[in-house]
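I opened my notebook to look up what surrounds the ligands here. Come along as I go through the entries.

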Amino acid sequence: PFNHMLNSYYMDPSDPFYEICQRVIRDMTQYGVCVLNNFLGKDQGLLVLNEVLKMYRSGIFTAGQLVSSPGSTEAQTIRSDRITWIDGKEPQCFHIRQLISKVDNIILRANKMANNGKMGDFVINGRTKAMVACYPGLGSHYVKHVDNPNKDGRCITAIYYLNLDWDVKRYGGLLRVFPEGTNQVADIAPIFDRMLFFWSDRRNPHEVQPAYSTRYAITLWYFDAHEREEALRKYKERGQPSSSK
Ligand SMILES: Cn1c(O)c(C(=O)NCC(=O)O)c(=O)c2ccccc21
Ligand SMILES: [Mn+2]
């Protein structure tokens with residue numbers, strides 16, 4: 001036990017993030033999924049939401065793929081998710097940048113606090129830009145998938161939801177996670193100021209069920225140092241585009 005203490009990064013329990021990091025480590029280790037509610041608090045959450053709404057109105061989001069289910073008519077073709085990538089340094093993204101740095105702090109400290117400075121055997125040393133996504137409603141959804149099925153380096157998916165008064169019974173838009181090795185599913189409502197973490201690999205296939213109101217989220221993917229280095233090495237060898245930014 002003593003050398004275990006030596007290895008693990010001792011964080012001062014009075015540190016504001018101490019409780020949250022303990023919670024993240026425990027849930028990620030036990031379930032591979034972690035939900036934190038009231039992550040920023042209402043005021044800060046609203047400031048982030050307003051920045052996203054302004055961005056959305058400015059038209060910088062992609063048009064979103066046209067998704068038509070087989071045999072559907074033109075009218076049934078719906079627009080799927082619309083996204084834009086930001087690094088948070090853009091003007092008008094001050095509060096989004098503060099959100100990102102809070103998530104960075106928690107992930108990096110939790111990683112250090114976990115035994116031997118590893119959380120789930122990953123050493124986290126970087127992340128993608130932030131992907132801001134909007135499902136325009138009208139049944140827009142995202143089919144069941146794994147974020148990182150082939151070791152592109154991404155180990156943790158972090159999603160921040162921005163949807164005030166979201167009622168799954170009326171608006172759908174549920175995130176359903178199908179954790180590997182169990183028939184249990186995890187249904188996560190995309191409610192305002194909710195932060196979600198889950199392992200990005202094959203342990204967590206998930207889908208976004210059809211949404212009937214506009215559904216906003218901000219996603220960050222954190223890299224494992226070794227897996228990312230390997231992925232980039234292979235990418236250089238084969239000259240194939242490595243996924244995600
Ligand atoms: C828009 N959108 C996504 O919403 C999810 C995803 O899994 N979202 C889960 C959620 O919003 O609850 C994705 O994983 C995703 C991956 C690439 C491009 C866009 C993407
Ligand atoms: Mn996903």
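**Entry: ground rules.** I noted that this is a predicted model, where local features need pLDDT of at least 70, side-chain atom pairs count only at pLDDT 80 or more, and totals for chains, interfaces and linings use all residues. Residues are numbered from 1 along each chain as written, chains are lettered from A and ligands numbered from 1 in written order, and side-chain values use heavy atoms, without hydrogens and water.

**Entry: polar contacts.** I then checked N or O pairs within 3.5 Å. An oxygen atom of ligand 1 is 2.6 Å from a side-chain N or O atom of Y135. For R215, a polar side-chain atom lies 2.8 Å from a ligand 1 oxygen, and for H145 the value is 3.0 Å. The protein covers 88% of the 430 Å² of accessible area that ligand 1 has on its own (Shrake-Rupley method, 1.4 Å probe).

**Entry: the metal.** I found the protein donors of the manganese ion (ligand 2) to be H145 (NE2), D147 (OD) and H206 (NE2), 2.1 to 2.2 Å from it; donors are N, O and S atoms within 2.8 Å of the metal (3.2 Å for Na, K and Ca), and water is not among the atoms, so sites may look incomplete. D147 lies in the loop between strand 7 and strand 8 and H206 in strand 12, so this pair ties together parts 59 residues apart in sequence.

Conventions
Polar contact = N/O pair within 3.5 Å; in protein donor to acceptor, adjacent residues only side chain to side chain. Helix = DSSP H or I, 4+ residues; strand = E, 2+ residues; numbered from the N terminus.
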